[in-house]
Amino acid sequence: MRLTILIAVVLALPATIFAQSGTLRGTIYDANNGETLIGASVVVKSIGAGTATDFEGQYSLSLPAGTYDVEFSSLGFEPQVKTGIVIKDGEVTLLDVTLGTSVLVSDVAVVEARQIT
């Protein structure tokens, strides 16, 4: 019995060690001026993975091989979801994204001040 369990563990170990993975890499841009966005979020909710862009607006995310929906967002910008992104074993998938600013509609408040004499 112990020998059977030991053989099963030894046979399963290489599959765990050599898990299939690839990389999603790209740059996130501002649609208004074409500049890169620092600190923008890149999230794959289905597996709880994510990262943020660096000082050059670039990101790199290692993911298991598969097909994913990836959400790109940044404060003050309309979030964007790219669906069906395919990650292949040992390959780099390039995906640049441009985010447009979000329109915030709010009530206008008028503040008046009067001096008491």
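This is a selection-by-selection tour of a predicted model.

Residues are numbered from 1 along each chain as its sequence is written. In this predicted model, local features need pLDDT of at least 70 and side-chain atom pairs count only at pLDDT 80 or more, while totals for chains, interfaces and linings use all residues; side-chain values use heavy atoms, with hydrogens and water left out.

**Whole chain.** Colour by secondary structure to see one helix and eight strands, in the order α-β-β-β-β-β-β-β-β from the N terminus. Helices (H or I, at least four residues) and strands (E, at least two) are DSSP runs, numbered from the N terminus. Of the 117 residues, 25% are buried (under 20% relative accessible area; exposed is over 50%, partly exposed in between; 1.4 Å probe, protein chains only).

**The salt bridge.** Show the side chains of Glu 71 and Lys 45, which meet in a salt bridge at 3.1 Å, N to O. The term requires a side-chain nitrogen of Lys or Arg within 4 Å of a carboxyl oxygen of Asp or Glu, and a search of the whole structure finds one. Glu 71 is in strand 5 (residues 66-73) and Lys 45 in the loop between strand 2 (41-44) and strand 3 (49-52), so the bridge ties together parts 26 residues apart in sequence. Lys 45 counts as exposed, at 65% relative accessibility.

**The core.** Next select Leu 24, Ile 28, Leu 63, Val 70 and Phe 72, which touch the most other members of the 19-residue largest nonpolar core. Such a core is a set of buried Ala, Val, Leu, Ile, Met, Phe, Trp, Tyr and Cys residues joined through side-chain atoms within 4.5 Å. Centre on Ile 28: its contacts (heavy atoms within 4.5 Å), not counting residues up to four places away in sequence, include Leu 37, Val 42, Tyr 59, Phe 72 and Val 97.

**Asp 30.** Finish in strand 1, at Asp 30. Asp 30 is buried yet has no salt bridge, and the nearest side chain of opposite charge, Lys 82, is 15 Å away (Lys and Arg count as positive, Asp and Glu as negative; His and the chain ends are not counted). Beyond four places away in sequence, Asp 30 touches Glu 35, Leu 37, Phe 77, Thr 98 and Leu 99.
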